[in-house]
Amino acid sequence: MTDRLYDHLLVGASLATLDGDDYGAIRDGAIAWRDGVIAYVGPRSGLPGDPASIAHAVEDVEGWITPGLVDCHTHAVFAGDRAVEFEMRLQGATYGEIARAGGGILSTVRAVRDASEDALYAQSKPRIDALRADGVTTLEIKSGYGLDFENERKMLRIARRFGEGTLTVRTTYLAAHALPPEYAGRADDYIEAAIDWLPRLHDEGLVDAVDAFCESIGFSPSQTRRLFERARSLGLPVKLHADQLSDLGGAAIAAEFGGLSADHVEHTNEDAVRAMAAAGTVAVLLPGAFHVLRETKWPPLDAFRAHGVPMAVATDCNPGTSPLLSLRQAMQLACTHFRLTPEDALRGATTHAARALGLADRGMLRVGLRADVALWRVNHPAELCYWLGGDLLQARWVAGRRT
Ligand code: NIG
Ligand code: FE
């Protein structure tokens, strides 16, 4: 067989490259890759030859092609569910009250500790599959329901297992998520323990980034800083659950440490937004948690825009505040609740989300980037944010492999 320019070539669809204004749209486009890397993006008419002579495989497709979606904030590995808390909240209990009464995150911690590694994997798998089925090709998964060395390790090992096939998984160490009962009243001691576990888990190759829940029902700014100093000394990037329920200056701490992202950020003030802009820290919007908790305080969206802070959108898939199994649905919620344009929501779930994970090789359709590609059954890319539910994904390729 003669050598061809491309391994695989898709023709016939329109492309939302996100490389340029107006979705970076190219009608009647073509995209081709070789060795898992995009080698051509442009109009079909610009191809350097007859499709069959330049590519080993050519597919004539219809619809729109976007970059594979990147879900940059999830807690998708967990056991059990918290539907009863949903009922309690609808009857007036708040998330904070339930947490202080020993429910909330700690109830999931009990379920995770009780589950074997295989059982936890099996319970989590349908969620990962659902996220993939709606276009996700890169997924961040946090620990944070183990809260002791072995159980944090168990969660991170499972997250890694989900990344062994055709899905990129980035793991985040979130031992500083809640105070486990065995450390009641001793939060400083617990943070020291969590700091101590970090290099051991990092040595096992289980940690890509470090996160904390900086909040009155989580950990204080000074405890967060201590953990982040350890992360920095290990060369690990940080991200933070920041300013979700109150303004403890979390986003500013994330920026101070050159953080990849500050997440939730409903209560973030404008000084912190400036610090994020200067540090290149992405704001990760989590409209699922906003929606489920029936919050009313918006993140400072205008300030993010004014200061040029990129806004990512993620599911925050978790059993408490965001039992959300579709990143497209999160994009929909970002449009309806936060008035993002569908284009901004799509960039938020691709380009900006990749940046929130420190991944410079994906998130757009551009020559030289990884061939992470989603093909959708839509007539316009705004439809990705328009439908509530539905089955819009026709096909996905991860590093050029159809999955
Ligand atoms: O991102 N805010 C803290 N962490 C999660 C919720 C986790 C849970 O309630 O289980 C969040 O919303
Ligand atoms: Fe979260």
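Which cavity is the space taken by ligand 1? The space that ligand 1 takes up is the largest cavity (on a 1 Å grid over the protein atoms alone, a set of points where a 1.4 Å probe fits but cannot get out). This is a predicted model, in which local features need pLDDT of at least 70 and side-chain atom pairs count only at pLDDT 80 or more. Residues are numbered from 1 along each chain, and ligands are numbered from 1 in the order in which they are written.

**View 1. Who sits around ligand 1.**

View 2. For His264, the distance is 2.9 Å. The protein covers 100% of the ligand's 320 Å² of accessible area (Shrake-Rupley, 1.4 Å probe).

**View 3. The iron ion (ligand 2).** His73, His75 and His241 (NE2 each) plus Asp316 (OD) are its protein donors, at 2.1 to 2.4 Å (donors are N, O and S atoms within 2.8 Å of this metal). His73 lies in the loop between E8 and H2 and Asp316 in the one between E15 and H13, so the pair ties together parts 243 residues apart in sequence (DSSP runs: helices at least four residues, strands at least two).

Terms used:
Heavy atoms only, no water. Polar contact = N/O pair within 3.5 Å; in protein donor to acceptor, adjacent residues only side chain to side chain. 1 Å grid on protein atoms, 1.4 Å probe; cavity = no way out; pocket = protein on both sides within 12 Å on 5 of 7 lines; lining within 4 Å. Sits in = over half its atoms within 2 Å of the grid points. Donors = N, O, S within 2.8 Å, 3.2 Å for Na, K, Ca; no water.
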